[in-house]
Amino acid sequence: MFSFFKKKQSDSDQLKNDGRESAIASSELTDSTAAESAEEVETELSIHPSSTIPKEQMYVLRFLNNELPPLKANQLSLSGIEWDEQPEGLAVSAFVRNSVEKGIQLGKVPLLLINEKNEVKARHEFNLAEIGEIPAKSSRPWTFIFPASSIEKQVGLEKENWTLAFDLTSKEHKLDLADSWKEVLPEAEQEKLQQIVEQLGDPGKNELNFTGLQARRAEDGTFHVTVLIRNGYDRSINIEQLPLQVLDSHKKIIAEGQFNVGNLEIKANTTKPWSFIFPKELLKNETPDLSRWSVHVKSN
């Protein structure tokens, strides 16, 4: 799991963290509303439950963790340990630190590897759910593999004073088309969708909303609705079941029903178009006025 143990154990002078600390407010990546404070928080070493680490390696990890500076309350941090070249890319080991009063589970998050000159060496999205829940006030070591395709070859990287950081610049809201849509939708139509997303602007922070795009009654009596699912969170949201309700301009119900969408992922700060088909028995109005309509998630 960790590439640095043999080197660091063979030379006591090397027993140190080579990377710098990079901390952000926990609210940037989670639902937490607690603000940073001047309170200093020490983070206790936490090992992933499925990891088996020999005694001598635990000694190294404990030593390195004890060398870390305290965090402010309600922060998330990445503290670099060491990086190493591997055939598949760059293996970057770091402590993922949580100074919040509760455990935190992260999702897909883009990370940056920045050299000592503050130049971006690599950028890649990682599924931080693999790390598991990071307990309150804890520090979990992990190794991130930046694939070769994510690395800027012309940018140098020294062994010390580099930084692993959360990429918050990726917050620009974007269109995200499922592969099945890309395969059948002409490029011109994809560009139109992109323009619509830009015209709508960003959804509210920490908001998931649904914007109606197209609605029609098919010849077989079914009712087809295409909506834009807009994710204003800085993390991906997975939807399994969706109870939808379509209203006309007078707020009267046109159709309603619950859809099982499997595991539909709406990536952080993206808009994903998706279509839903209401069977004709779920229609409340056989001749709806579609001059103006809206779609909502039906509350229980």
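Which residues is F144 in contact with, leaving aside its neighbours within four places in sequence? I started my notebook with that one, keeping in mind that this is a predicted model.

**Entry 1: around F144.** I looked up the contacts and found L90, A91, V92, A94 and V96, then L111, F126, L128, I131 and L164. F144 also turned up in the largest nonpolar core, which has 28 residues. I noted F144 among those with the most contacts inside this core, together with L111, L113, L128, F146, L164 and F166.

**Entry 2: who supplies the core.** I went through the strands next. At least two residues of this core come from each of β5 (75-86), β6 (89-98), β7 (108-114), β8 (120-127), β9 (138-147) and β10 (162-166). Of these, β6 gives the most, with four residues. Apart from this core I found another, of 23 residues, and I jotted down V227, L244, F276 and L283 as being among them.

**Entry 3: strand β14.** Is this strand mostly covered or mostly open? I found β14 (residues 237-248) mostly covered, with nine of its 12 residues buried.

**Entry 4: the partners of β14.** I checked β15 (residues 253-266) and saw that β14 pairs with this strand in the antiparallel sense, over 10 bridges. As one example, I picked P243, whose bridge partner in β15 is Q258.

Technical notes
Residues are numbered from 1 along each chain as its sequence is written. This is a predicted model: local features need pLDDT of at least 70, side-chain atom pairs count only at pLDDT 80 or more; totals for chains, interfaces and linings use all residues. Side-chain values use heavy atoms; hydrogens and water are left out. A nonpolar core is a set of buried Ala, Val, Leu, Ile, Met, Phe, Trp, Tyr and Cys residues joined through side-chain atoms within 4.5 Å. Buried means under 20% relative accessible area, exposed over 50%, partly exposed in between (1.4 Å probe, protein chains only). Contact means heavy atoms within 4.5 Å. Two strands pair if DSSP finds at least two bridges between them.
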